[in-house]
Amino acid sequence: MTQDQINLAIANPKMSARDVNVFYGEKQAIKRVSIDVDMDNVTAFIGPSGCGKSTFLRTLNRMNDTVASARVEGEITLDGEDIYATSMDVVQLRARVGMVFQKPNPFPKSIYENIAYGPRIHGLAASKADMDVVVEKSLRRAGLWEEVKDRLHDSGTALSGGQQQRLCIGRAIAVEPEVILMDEPCSALDPIATAKIEELIHELRGRYAIVIVTHNMQQAARVSQRTAFFHLGELVEYGVTSDIFTNPRQERTKDYITGRYG
Amino acid sequence: MAEHTIKAFDDEIDRLRGLIAEMGGRAEAAIENAMLALQRQDLALAAEVVEGDKRIDAIEAEVEKLVIEVIALRAPMANDLRDVIAALKIVSVIERIGDYAKNIAKRVPLIATNKRLLEPMSLLPSMGQVAAEMVHDVLNAYAARDPDLAQAVVDRDAVVDDFYNSVFRTLVTFMVENPKTISECAQLLFVAKHIERIGDHATNVAEMVYYAATGQTMPERERGGTEVQAEI
């Protein structure tokens, strides 16, 4: 099976990975993964536990740098620029490539401060009035403004789980990222809160390149236009979501999505 | 094919396939018995075919219910999804095939008034045989998920169409020469048309089987001048 048959040609990639290997000590977690993601489509990474999808997601904004034993080989570019180059400012990189985690993790500060923190350290707002604009815009884009506009100075941790997760998405948006990585953003949420996040992902599509890791295949089918299936550290198949879920090319993909895996 | 991690899902798929096999077997028998009733002018057998259609209809309803349950509860994907959608479409087509067999059976009393077999009837049993075999084979193709066998069924539809064209011409000629038989011959024209439609429906099922098995639509077939020439 050639790379062409399992991979998808993306015309204007925002991020590109080429022959990426990731090791944790001696153990190889990612094996020669090459993939492109673009701005126009939401990309979902699916696969069984331990398949490497979260590990690979974390290489896209160098979150693995914080793991002492982790080693990344190969090339990953953002707008053609090597993100592992020594000249790359990791703090800037993580502003451009934001991340939303599995469990909502707002700062133990007010709703307003949760949003304002990033723009402040990156110098994105010159005055209090500017900051008010950034906070409102970010909360609106995160679909949270109407629910919190009268209590911006209440603690972020007092919100419901779903609201907290939207606050975290608002926080990621506030620093004007180009790419948003989401690592199972709904796994701690109920179905209604999940639906709100999924609707939000739909609205954010096109403005940001969005990559979402999910255990929930129905969610991948609902929110993404491109799906990549990982297994044992390999990218098994990457294709148009509707093709992956109706007519996957690879036997391993088929067995996984039809519930025949393992 | 490997089993699902959730065994109950396999049981449901098996039950679905079992129901379709039974339904198809009944439709095939209905065609054969309707044709036999016509040849033998056997009114009791014809009535039996009409009665038997109720069971075919009941199985259709049962399959529809099961398919909706499977989609709602199991969220089938990929080949499983294609399988259950094909099942839903196939039963509605087999139900139509059963109706055509029933309609043929209902015409038997109207044709049997003459007490002697009309000469143009000689072609109909063979035509009915080909159509019944198409139904038989397409169900085997479904059971085996065999796209080649499905393709072979589609290719055979031309034979039924040829039969239909020649039965049509024969009947028209016969009616011109024997105006007293027009009433019975008109019924026979309908019988021929019903068989021709059964062939078309078997073809439709074959296309669904092909899609379910491969995920691709069946390549457009070459038609060598065997179009049905006269519609009723």
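Trainee: What is the relative accessibility of B:Arg74, and how is that residue classed?

Mentor: B:Arg74 has a relative accessibility of 26%, so it counts as partly exposed. Buried means under 20% relative accessible area, exposed means over 50%, and partly exposed lies in between, with a 1.4 Å probe and protein chains only. Please note that this is a predicted model, in which local features need pLDDT of at least 70 and side-chain atom pairs count only at pLDDT 80 or more, while totals for chains, interfaces and linings use all residues. Residues are numbered from 1 along each chain as its sequence is written, chains are lettered from A and ligands numbered from 1 in the order in which they are written, and side-chain values use heavy atoms, with hydrogens and water left out.

Trainee: Which residue forms a salt bridge with B:Arg74?

Mentor: The partner is B:Glu12, with the closest N and O atoms 2.9 Å apart. A salt bridge here is a side-chain nitrogen of Lys or Arg within 4 Å of a carboxyl oxygen of Asp or Glu. B:Arg74 lies in helix H2 (residues 43-74) of chain B and B:Glu12 in helix H1 (residues 7-40) of chain B, so the pair ties together parts 62 residues apart in sequence. Helices (H or I, at least four residues) and strands (E, at least two) are DSSP runs, numbered from the N terminus.

Trainee: And B:Arg145, what does that one pair with?

Mentor: B:Arg145 forms a salt bridge with B:Asp83, at 2.8 Å between the closest N and O atoms. B:Arg145 sits in the loop between helix H4 (124-144) and helix H5 (147-177) of chain B, and B:Asp83 in helix H3 (residues 78-111) of chain B, so this pair also ties together parts 62 residues apart in sequence. B:Arg145 is partly exposed at 32% relative accessibility, whereas B:Asp83 is buried at 8%.

Trainee: Which residues do salt bridges with shared partners join into one network?

Mentor: The network consists of A:Lys14, A:Asp79, A:Glu81, A:Arg96 and A:Glu178. Over all chains, the count comes to 34 salt bridges.

Trainee: How many of them are between chain A and chain B?

Mentor: There is one salt bridge between the two chains. In it, the side chains of B:Asp80 and A:Arg260 meet at 2.9 Å, N to O.

Trainee: How much area is buried between chain A and chain B?

Mentor: About 1,200 Å² is buried, and carbon and sulfur atoms give 46% of that area. Buried area is the accessible area (1.4 Å probe) that two parts lose on being put together, summed over both. In residue terms, 13 residues of chain A are in contact with 16 residues of chain B; contact means heavy atoms within 4.5 Å.

Trainee: Last one: what do the buried residues of H4 in chain A pack against?

Mentor: They pack against helix H5 (128-141), helix H6 (145-148) and helix H7 (161-174) of chain A. The buried residues of H4 (residues 111-121) include A:Ile111, A:Tyr112 and A:Ile115. Just after H4 of chain A, A:Gly123 takes a positive phi of about 65°.
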